[in-house]
Amino acid sequence: MRIGIIGAGALGGTFAALLARSGHEVEVTARGAGLEAIRAGGIRLSGGYGEAAVQVEANPRLTRRPELVLVCTKAQDAEAAIAANAELIAGLPLVVVQNGLDGVATAERLLPGTPCFGVLSIIAANYTEPGVVRVTTTATSYLGRGEGPADAESRRIAALLSDAVPVVAIGNFRGAQWSKLVVNMVNAVPAILGRPVQDVLRHGPTRRVVARSMRETVRVGVARGVRFGALQGLGDRRLRCFAALPVALGQALPWLMGVRMGRVPNLGSTQQSLRRGQPTEVDHLNGAVVREAAAVGLTAPVNAALVELVHRVERAGAPLGESELLAAIPS
C-alpha cells in the first residue's frame, strides 16, 4: 500500500521504518536537518523493534496521492501540516497519531468529508539525531474514533497497520484520549529538570508532583463527564479510584509506570523537543487540562504551574533545579 506519513520524528519515524520494512511504499514529510538526513541515509531504527535501515521518499510535503495517511507531527504543528497537504490527501483515510485531545477534531475541521481516525501510541522512542530513532519501550497502539464501539473501517486500518506494529481498534476513543492524557502527565517534570522519566518517577518528591498532575487530570475529566477508555491497564474505574486516593498512595501509579518503561533512559517527548530547540506541546497536554477545567468553572493549579515552568525552560534554554520546581508547585 502507498502510505503517506506527515512528520517523521520519533513516532513518525518509527511507523515509517516499520511499515517500509513490512513492504509498504512510504513517503514521509520532514524539514531541515531531518529531511536532509532521511534523503541521504534513510531512517535508522533501533531498540525494541529490532534494527532497521530503510530508504523512504522524503519531501517537505507529500508529492504523490497515497492510499492511507498518518499525521505524526507534534500537536502544535498539526493544523499547518494538514493544511499544507490538504489538496492531496482530502477524502483519504487519515489517522492522527498524536498526543492531546484535539488532533482528530482538527483534521475533521480542515478536511470535511474525510474519514479521520486517531491512534494513541504508548511506544516510547528517542529522536535526538536527525533520521535516527531508538525505541526504548514497545507497546500496543490503539486506533478508533468517536465515543461508540469500534467500527469496521477502524478494524480494517488497525489490521493493516498491525502488519508492521501492533495496533488494535477500540471503542470509546474519546475516553481513551483522556486516559492517554493522564499517562502524558509524565512528560512535563522530566522536561523541566532535564532528567530521564524513570529517574523522576523513582524519586519521591518529583514522583509526587507527577502523581498530583495525573490526579488533577482525572478529576477534571470526571467533571467534564468523561468515561475514561481502557488503555494499558488503565480504565474508568481504576482512574477514578486513583483520583480519590491521597497522593501518598496514588503515587504508586506513576512509580509502576516508570518500572514498566525499563532501564533504557526515556526522555519523554516534551524533553526531546527542548533538546532540539523546538517548541513543546505542553499547551496541548498540561495546558489542555487547564482549559478543560476552566470550561466547567474549575482550576488546575498543578498543571498550570507545570505549563509555566516548561515555558520558562523553553525561554531559558536550560533545565531548572529540583528546588525551583518544588517551590513553584502549589501545595
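Predicted model: local features only at pLDDT ≥ 70, side-chain atom pairs only at ≥ 80, totals over all residues.

Q: How many bridges join S2 to S5, and do they run parallel or antiparallel?
A: Three bridges join S2 to S5, and the two strands run parallel. Strands here are DSSP runs of type E with at least two residues, helices are H or I runs of at least four, and both are numbered from the N terminus. Two strands count as paired if DSSP finds at least two bridges between them.

Q: Thanks! What is the strand order in the sheet of eight strands?
A: The order is S5-S2-S1-S6-S7-S8-S11-S12, in an open sheet with mixed pairing. S5 (57–59) and S12 (167–169) are at the edges with a single partner strand each, so one side of each has no neighbour in the sheet. On average, neighbouring strands are turned by 25° against each other, direction ignored; the angles come from axes fitted to C-alpha atoms, for helices over the stretch in contact, and run from 0 to 180 degrees between N-to-C directions.

Q: Which helix packs on the sheet and touches S1, S2, S6 and S7?
A: That is H3, residues 78–89. Touching means having heavy atoms within 4.5 Å. The direction of H3 makes about 160° with that of S1.

Q: And how do S6 and S7 pair?
A: S6 (residues 68–71) and S7 (residues 94–97) pair in the parallel sense over three bridges. Val71 stands opposite Val96 in S7.

Q: What about S1 and S2, how many bridges do they have?
A: Five, again in the parallel sense, with Ile3 opposite Val26 in S2.

Q: While we're at H1, is Thr14 buried or exposed?
A: Thr14, which sits in H1, is buried, with a relative accessible area of 0%. Buried means under 20% relative accessible area, exposed means over 50%, and partly exposed is in between (1.4 Å probe, protein chains only). Not counting residues up to four places away in sequence, Thr14 touches Gly9, Leu45, Tyr49, Ala125, Val133 and Val135.

Q: New topic: how many aromatic pairs does the structure hold?
A: One. The ring centres of Trp178 and Phe228 are 6.5 Å apart and the planes are at 85°, so the pair is edge-to-face. Rings of Phe, Tyr and Trp (its six-membered ring) pair if their centres lie within 6.5 Å; planes under 30 degrees apart are stacked, over 60 edge-to-face and the rest tilted. Trp178 is in helix H6 and Phe228 in the loop between H9 (204–223) and H10 (236–244), so the pair ties together parts 50 residues apart in sequence.

Q: How many residues of H6 are buried?
A: Ten of the eleven, so H6 is largely enclosed by the rest of the structure. Trp178 is one of the buried ones, at 2% relative accessibility.

Terms used. Residues numbered from 1 in each chain as written. Heavy atoms only, no water.
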